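Each answer below sets a value against the rule behind the term.

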Amino acid sequence: MTVTPAPIEKVSIIISKGSLEGVYPGLIMANGARAEGMECNLFFTFFGLDAIHQKRMEHLKVATVGNPGMHIPTLIGGLPGMSALATHMMNKKMEELDIPPVGEFLEMIADTGAGIYACKATVDMFHLEKNDFIPQLNDIITVGDFYEMAAGGQIIFT
Amino acid sequence: MATTTVTTPAGATSVELTDDGFFVDPSIWTEEMVPELAAREGIDPVTDGHWQVIRFMRKEYLEKGTGPSVRALGKTSGVNVKELYQLFPKGPAKIAARIAGIPKPKGCV
């Protein structure tokens, strides 16, 4: 007899990286969680905060140095304009797949009812304030608040 | 795979469902089944907004072979993403597809 595993009811997704390829997976997973009817909260910490920073969110770049997945030598990846080129190519691919730009994606994710939170320790470290962030930001919270909010669900760190 | 019986004013129909609750054969679906299928998803009554989405899902499936994702629904159905989740809190594309008697929409976004 096979036992069907209990479905996932709730996920808390942490986005800790500020590169384009570091941000998108968490956004796609959050949007997908809501599409499946799960409760979902998104937490942005460290350089991941750039994704919800009003001035920086439109300038996220693909990392071409220290990223073996790019399959180009590090020295070539370090040439001026390489990151901009790779970013342009990835954004184009995303558009072809109808995956929206980060800002529009976050608006949509907020509309699905997912919560959007920023990590207090990093906000303080970077000397940021609530009005540096997108209006969809629900709150700036501590790690303790995060664990309370994540109770009873799965935690995904990206 | 499971078999269920959907009762409408026109009579009872035996419907085969996939393990996750989607119609195996979308051609046996009729609009008369909607109130009962919706009630099983916790939606009662079925409002005009629900009907708009359900009919749109069905039409897209018949034209394209797959139902739209939530993003596509929000862009093209005339109901925005926020309202979609108010109508179908447990996942608009997924739940509306079950009620519209079509397979689960494919696509990640």
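The questions that follow concern a predicted model.

Q: What makes residues of chain A and chain B count as in contact, and how many do?
A: The C-beta atoms, placed from the backbone, must lie within 7 Å. By that rule, 12 residues of chain A are in contact with 11 residues of chain B. Helix 1 (20–35) and helix 4 (102–111) of chain A each supply at least two residues of the chain A side. The largest share, four residues, comes from helix 1 of chain A. By class, this side has four nonpolar, five polar and three charged residues.

Q: Why are strand 2 and strand 3 of chain A called paired?
A: Pairing takes at least two bridges. Strand 2 (residues 39–44) and strand 3 (residues 115–119) of chain A share four, in the parallel sense, so they pair. A:Phe43 stands opposite A:Tyr117 in strand 3 of chain A.

Q: Why are strand 4 and strand 5 of chain A called edge strands?
A: The open sheet of five strands has the order 4-3-2-1-5 in chain A, with parallel pairing. Strand 4 (139–141) and strand 5 (154–157) of chain A each pair on one side only. Neighbouring strands of this sheet are turned by 25° against each other on average, direction ignored.

Q: How does helix 1 of chain A run relative to strand 1 of chain A?
A: Helix 1 of chain A runs at about 165° to strand 1 (10–15) of chain A. Helix 1 lies across strand 1, strand 2 and strand 5 of chain A.

Key:
Residues are numbered from 1 along each chain as its sequence is written. Chains are lettered from A and ligands numbered from 1 in the order in which they are written. This is a predicted model: local features need pLDDT of at least 70, side-chain atom pairs count only at pLDDT 80 or more; totals for chains, interfaces and linings use all residues. Two residues are in contact if their C-beta atoms, placed from the backbone, lie within 7 Å. Ala, Val, Leu, Ile, Met, Phe, Trp, Tyr, Cys and Pro count as nonpolar, Asp, Glu, Lys and Arg as charged, and the others, Gly among them, as polar. Axes are lines fitted to C-alpha atoms, for helices over the stretch in contact, and angles run from 0 to 180 degrees between N-to-C directions.
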